[in-house]
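Subject: Structure for your review

Dear colleague,

Please find below the structure that I would like to hand over to you. I would be grateful if you could read the notes that follow with the structure open beside them.

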Number of protein chains: 2
Amino acid sequence: MVARPVIAIDVMGGDEGAPVTIAAADVARRRYPELSFLMFGDRATIDAALADFPQLKACSTVEHTDVEVKGTDKPSQVLRSARRSSIGLAVAAVKAGDADAAVSAGNTGALMALAKLGLKTMPGIDRPALAALLPTMKTDSVMLDLGANSECDDENLIQFAVMGAAFARIVLGLDHPKVGILNIGEEELKGTDDHKEAADALRLAGPSLGMQYEGFVEGDKIGRGDVDVIVSDGFSGNVALKTMEGTAKLIVELLRRAFRSSLFSIIGFIMSRRVLRQLRSHLDPNAHNGAVFLGLNGVVVKSHGSANVDGFANAIGVARDLVVDDIGNRIATDLARFEQHRALPEAAQ
Amino acid sequence: MVARPVIAIDVMGGDEGAPVTIAAADVARRRYPELSFLMFGDRATIDAALADFPQLKACSTVEHTDVEVKGTDKPSQVLRSARRSSIGLAVAAVKAGDADAAVSAGNTGALMALAKLGLKTMPGIDRPALAALLPTMKTDSVMLDLGANSECDDENLIQFAVMGAAFARIVLGLDHPKVGILNIGEEELKGTDDHKEAADALRLAGPSLGMQYEGFVEGDKIGRGDVDVIVSDGFSGNVALKTMEGTAKLIVELLRRAFRSSLFSIIGFIMSRRVLRQLRSHLDPNAHNGAVFLGLNGVVVKSHGSANVDGFANAIGVARDLVVDDIGNRIATDLARFEQHRALPEAAQ
């Protein structure tokens, strides 16, 4: 339990950089007055931006770097220099214990690589996973892995389920989150052997892990919100997440075209603007901002590159919640319970 | 080239059965007067439905069976009895050469299993794939595999590309379809080794196969329609397809809720009804109906279970096009070209 979390901010990351990240830090500071900040980036830029926020300035320490990783840089090419970038230094601050969490809207691949290399995976976790909240017809759902791993076996899927449930307990405030595994059918014999074995293990161990295992979930059920945590290999999780984005864009584009097709529909459009705004806000990535890299020795939150002030502030809020509720400890406890459960003879379960 | 294709119809399949499938066959007969039909199902039901369509009756032969496979039956449980069902007999008619193609709106799993077992895969194809048309911002795109195979290697992906391009040439009328592989990033080093190897092979061989290989495609680009054929392993293809469906439902539900939230928005809704109808028709599965099971010794088309008369007629139209344009021969020719190309030393390519 950390009473006064220190958040390391990659000030330069994201499409807008300092104007967004600094203003967002001030929003987060007002929401959570217990926070203080380590700001990494170009000192002149940061000082200029902080001048508008004297109270934020008072609880911030600035560390200068002029190394930047662009959103379009390939992680493989920039990894060496990236350690001295604002992303790399934010992660290093968590490693050194100077900060409790790092938040960046920068290059996802670079952040993942630096975080994995710098913070290492937790004991009991073979591979970290990228998790995020998705909008549904009910409340939000957690989905993971969203692309940190292309190939996953049954043990990875089980660990993702444990981490996802711990994340859902904190960010969705649920006691016994419902957990499902993404698959191409709901029958028990669908999918790969890894899917079946992970499903069997979770069915047996779920109750002792404070989760309710609900079986396989198909892609068309993600948006229904029937389960709170959707566990997936990183490949199909990434495909599903991006397909949701693409489909939402397709539909909005089709609506836009259709609304422009006649005077009558233009009037309808004007009358419906509030409705379309509501729709956009429900699907707004900023409202769901803050993908989390779970399974590391430290909290690392990835904001959308295009996040606005509210969006980046939400990402800082997610980092703060994970620190205050000690996600690492929760995952470690559940993993230990799972191993204990597995060691029992099946008859005793 | 088949001048007068015979289409085997599983009359009993689908949510509505005979009233839809028979009326749809009559729509198809009017569109393509060269067609004749083999109708499989309960004779009394079929005769009653055919009474309304004397011209269809004149070009149809009815074969009785009272074995039915329900949409919810698990293929593993019904395979033995399913051979005598209306699905099984329709596939058997293709195998025996009595029909040129089979069309069913019945249980997908049962149809796939019966077709694979009865018709066997074509020479040069290791695994058949399920392909379908998806709506995009431009014209429709072909996507495959949509769930026939949970795990696929590079050879499977290459064969899917060849089959998908042949399908796109016929149903989209394109000379050199643009082909992409579904992946979690566009960089060449993304995805599994199988993705990279399939990509390398298609990059080299694409032009000689009458396709334009465009590289990796991410999930959010599916709806843009930038490529004509999206090649995927069956697991993530199925996830993507179903996620598109689920996201479209989610958005329509959110729109419905938002439009009901005030009198003003109800009026807006009434003014926008035409627009929403247009949107629904662009996304209507019936307009894109007719998933095809490619790579078998015979044409098998799967209609949506909930297809209406137009939808099922479209599925029959797809079957007719594939027979008339001899999809099997086109795939065989392209595969032979690909093997020839591969046999050349790399310097000569």
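This is a predicted model: local features need pLDDT of at least 70, side-chain atom pairs count only at pLDDT 80 or more; totals for chains, interfaces and linings use all residues.

**How the two chains are arranged**

Chain A is superposed on chain B by a rotation of 180°, with 0.0 Å of shift along the axis and an RMSD of 0.0 Å. The two copies are therefore related as by a two-fold rotation axis. In general, a rotation about an axis and a shift along that axis relate two copies of a chain. The interface fits this picture: 100% of the interface residues of chain A are also interface residues in chain B, so the copies meet through the same surface.

**The interface between chain A and chain B**

In this interface, 61 residues of chain A are in contact with 61 residues of chain B. About 5100 Å² of area is buried between the two chains, and carbon and sulfur atoms give 73% of that area.

Which polar and charged links cross the interface? There are six residue pairs in polar contact between chain A and chain B, counting pairs with both residues at pLDDT 80 or more, and there are two salt bridges. One of the salt bridges joins A:K242 to B:E218, with 2.2 Å between the closest N and O atoms.

Three elements of chain A give two or more residues to the side that touches chain B, namely α4 (75–82), α9 (234–259) and α10 (263–283). Which element gives the most to this side? It is α9(A), with 22 residues. By class, the residues of chain A on this side divide into 26 nonpolar, 23 polar and twelve charged.

**The two domains of chain A**

Chain A itself is divided into two domains. Domain 1 covers 1–125 + 295–327, and domain 2 covers 126–290. Taken over C-alpha atoms, the centres of these two domains of chain A are separated by 25 Å.

In chain A, 24 residues of domain 1 are in contact with 17 residues of domain 2. Between them, the two domains of chain A bury about 1600 Å², with 67% of this on carbon and sulfur atoms. In domain 1 of chain A, the residues that lose the most area to domain 2 are A:M112, A:I125 and A:H304, which together account for 31% of what that side buries.

How many salt bridges are counted between domain 1 and domain 2 of chain A? The count is zero. For polar contacts between these domains of chain A, the count is one residue pair, with both residues at pLDDT 80 or more.

The elements of chain A that give two or more residues to the side of domain 1 touching domain 2 are α6 (108–119), β11 (299–302) and α11 (309–324). The largest share of this side, seven residues, comes from α11(A). This side of domain 1 of chain A has ten nonpolar, ten polar and four charged residues.

**A salt bridge within chain A**

Over all chains, the structure holds 28 salt bridges. One of them is formed by A:R169 and A:D334, whose closest N and O atoms are 3.2 Å apart. A:R169 lies in helix α7 (residues 154–171) of chain A and A:D334 in helix α12 (residues 327–343) of chain A, so this pair ties together parts that are 165 residues apart in sequence.

Yours sincerely,

A colleague

Note on methods. Residues are numbered from 1 along each chain as its sequence is written. Chains are lettered from A and ligands numbered from 1 in the order in which they are written. Side-chain values use heavy atoms; hydrogens and water are left out. Copies are superposed by least squares on the C-alpha atoms of residues with pLDDT of at least 70 in both. Contact means heavy atoms within 4.5 Å. Domain bounds come from an automatic or database domain assignment. Buried area is the accessible area (1.4 Å probe) that two parts lose on being put together, summed over both. A salt bridge is a side-chain nitrogen of Lys or Arg within 4 Å of a carboxyl oxygen of Asp or Glu. A polar contact is a pair of N or O atoms within 3.5 Å; within protein, one must be able to donate a hydrogen and the other to accept it, and residues adjacent in sequence count only if both atoms are side-chain atoms. Helices (H or I, at least four residues) and strands (E, at least two) are DSSP runs, numbered from the N terminus. Ala, Val, Leu, Ile, Met, Phe, Trp, Tyr, Cys and Pro count as nonpolar, Asp, Glu, Lys and Arg as charged, and the others, Gly among them, as polar.
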